[in-house]
Amino acid sequence: MNAIGIILLVVGIVVYSGVAWVASKKSAPLTLIGVLVGVFLGFLISQLAAAVTGNGVSPSFVFKPEGAVNYIVIIISTLATAGILYGLLGWLSSNSETSPTVKREVEKQKFNFATRPAVREPAKPMVIANRTVVKPGAPPVSPSGVLAPPEGFVPVLPTEGVFGMVAIPASVITDSIPEAAKYLEGMTTVRVRLALFVPQLKKATVWLTWRQVAMQNDSDRATENDRPDADLLNRWVRVPPQAYVAQVPIEYFKVTAIPPVWMKQTPVAQEEQFPLTEGPL
Amino acid sequence: MASINYATKEINCKLVYYGPGMCGKTTNLQVIHSRLDANKRADMVSLATPGERTLYFDFLPISMAEINGFVVKFGLYTVPGQVMYNATRKLVLRGADGVVFVADSQWRLMQENVDSLENLQANLAEYNVNLNELPYIMQYNKRDLPEIAPTWYMDYLLNGRGVPTYEACATEGKGVFTTLSVLCRFVIRDLVHRFESGSF
């Protein structure tokens with residue numbers, strides 16, 4: 001091996017060790033392997049250089065057997081270099097995007113079949129819940145998208161002996177049956193028989209078919225063409241309590257309270273420990 | 001049913017705040033927790049969803065009374081009001097000694113109040129308990145909001161037994177302690193009578 005060979009050997013060791021170190025970044029075993037590979041490849045390059053220049057102990061192109069060895073060395077060193085470059089590219093790409101293995105590990109940490117303990121947090125002492133004006137739950141809607149009374153609702157018959165009318169806003173009907181709007185043009189209220197409300201007062205929300213609603217208002221219609229078709233008349237109208245309560249005579253809301261047994265018990269001395277004051281006990 | 005611990009000389013009672021979703025049950029407990037002397041209550045435990053809705057229950061233990069040398073401790077519970085959590089409501093209701101039915105006074109929630117009261121009765125019936133036998137009172141909450149129903153109408157809908165009713169604005173703390181105090185009185189009264197009659 002001549003001087004050029006030695007220089008190339010050193011350069012080879014430095015270059016390949018550096019590449020291997022960058023590729024293995026902070027991994028001691030890989031760095032060691034990189035250094036060893038670098039030493040080996042540096043040696044092979046020096047051999048190749050000696051063969052090419054004709055200097056040194058093994059001018060491969062002069063002596064056929066040694067030349068063959070040098071060709072093999074060239075092939076091996078090329079493959080080794082390609083291997084290191086492939087590793088380097090892999091490392092660079094793993095930095096830009098999480099590798100599948102790492103991804104799976106992260107997923108494992110995120111999702112765990114093990115039972116999770118309930119989170120018990122002492123309530124913050126002075127924080128009172130923010131109150132919002134709550135919208136009531138959506139009214140029941142049938143599979144066809146048409147408003148319908150709750151399951152098990154039995155259509156009511158008018159109570160006998162009850163007379164009088166309740167005027168509900170026309171918007172109550174159009175809220176339930178938007179298609180009814182064209183039949184209610186110019187009407188602000190629609191009159192409905194009180195007898196239809198009475199049996200449903202305890203339930204707060206009153207359900208009527210539009211046919212029941214329209215019954216009292218049909219006489220005002222000029223022609224048969226003004227009347228909605230049967231399907232529309234069978235649709236349900238949901239009347240919220242605020243639309244009718246003020247118009248129902250108060251006597252219908254009177255109840256004879258039957259106090260429960262525990263209310264009839266005589267007071268005891270021990271209960272005086274709870275003062276009936278607005279402040280904290 | 002109250003439980004008695006003779007070793008520690010304690011009587012433990014369970015009071016449940018029941019009502020439709022977002023009617024102010026948890027707020028009642030938060031007010032009680034924040035205003036009650038620290039030596040009369042422990043920390044409040046809440047199992048809530050991220051949206052501040054009660055998921056399982058809230059629990060606030062307080063001790064404020066004494067009967068014949070026994071300290072009476074009240075465990076205050078709330079139930080999740082949403083319709084879908086009925087199994088949880090039923091579970092929390094088990095063994096209750098008293099109930100506060102918190103009704104939302106807004107017109108638009110009258111139907112929910114009625115449904116919730118029916119649900120309370122149905123759930124109690126599964127434990128063979130009737131509201132005629134269990135001390136309970138009504139709290140008409142959110143009285144400060146616009147568009148609220150008059151109390152006579154709420155009485156008509158919800159209070160066929162004529163139990164005590166209290167108007168409240170839980171966010172401001174109004175009516176919260178009166179409601180609690182009255183229920184505690186009824187529970188203690190019921191307890192003492194059951195002791196005396198030997199039915200405890």
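This is a predicted model: local features need pLDDT of at least 70, side-chain atom pairs count only at pLDDT 80 or more; totals for chains, interfaces and linings use all residues.
Local features need pLDDT of at least 70, side-chain atom pairs count only at pLDDT 80 or more, and totals for chains, interfaces and linings use all residues. Residues are numbered from 1 along each chain as its sequence is written, chains are lettered from A in the order in which they are written, and side-chain values use heavy atoms, with hydrogens and water left out.

Chain B contains five helices and eight strands. Helices (H or I, at least four residues) and strands (E, at least two) are DSSP runs numbered from the N terminus. Their order from the N terminus is β-β-α-β-β-β-α-β-α-β-α-β-α. Of the 200 residues of chain B, 61% are buried. Buried means under 20% relative accessible area, exposed over 50%, and partly exposed in between (1.4 Å probe, protein chains only). In helix 1 of chain B, 10 of 11 residues are buried. Among them are Lys25(B), Asn28(B) and His33(B).

The interface comes next. In it, 66 residues of chain B contact 55 residues of chain A. The buried area is about 5,300 Å², and carbon and sulfur atoms give 59% of it. This area is the accessible area (1.4 Å probe) that two parts lose on being put together, summed over both. Tyr156(B), Arg185(B) and Arg189(B) supply 15% of what chain B buries against chain A, more than any other three residues.

Polar contacts across the interface link 15 residue pairs, both residues at pLDDT 80 or more. Such a contact is a pair of N or O atoms within 3.5 Å; within protein, one must be able to donate a hydrogen and the other to accept it, and residues adjacent in sequence count only if both atoms are side-chain atoms. Helix 5 of chain B gives the largest share of the side that touches chain A, with 14 residues. That side divides into 34 nonpolar, 17 polar and 15 charged residues. Here Ala, Val, Leu, Ile, Met, Phe, Trp, Tyr, Cys and Pro count as nonpolar, Asp, Glu, Lys and Arg as charged, and the others, Gly among them, as polar.

The largest nonpolar core has 99 residues. Such a core is a set of buried Ala, Val, Leu, Ile, Met, Phe, Trp, Tyr and Cys residues joined through side-chain atoms within 4.5 Å. Helix 5 of chain B gives the most to this core, 11 residues. Leu158(B) is one of the core residues with the most contacts inside it.

Three lie between chain B and chain A. One of these pairs Glu118(B) with Lys203(A), with closest N and O atoms 2.9 Å apart.

Within chain B, Lys73(B) and Glu10(B) form a salt bridge at 3.0 Å, N to O. Lys73(B) lies in strand 5 and Glu10(B) in strand 2, so the pair ties together parts 63 residues apart in sequence. Lys73(B) is partly exposed at 31% relative accessible area, whereas Glu10(B) is buried at 19%. In chain A, Glu179(A) pairs with Arg235(A) at 3.0 Å. Both residues lie in loops, so this pair ties together parts 56 residues apart in sequence.

Definitions and conventions:
Contact means heavy atoms within 4.5 Å. A salt bridge is a side-chain nitrogen of Lys or Arg within 4 Å of a carboxyl oxygen of Asp or Glu.
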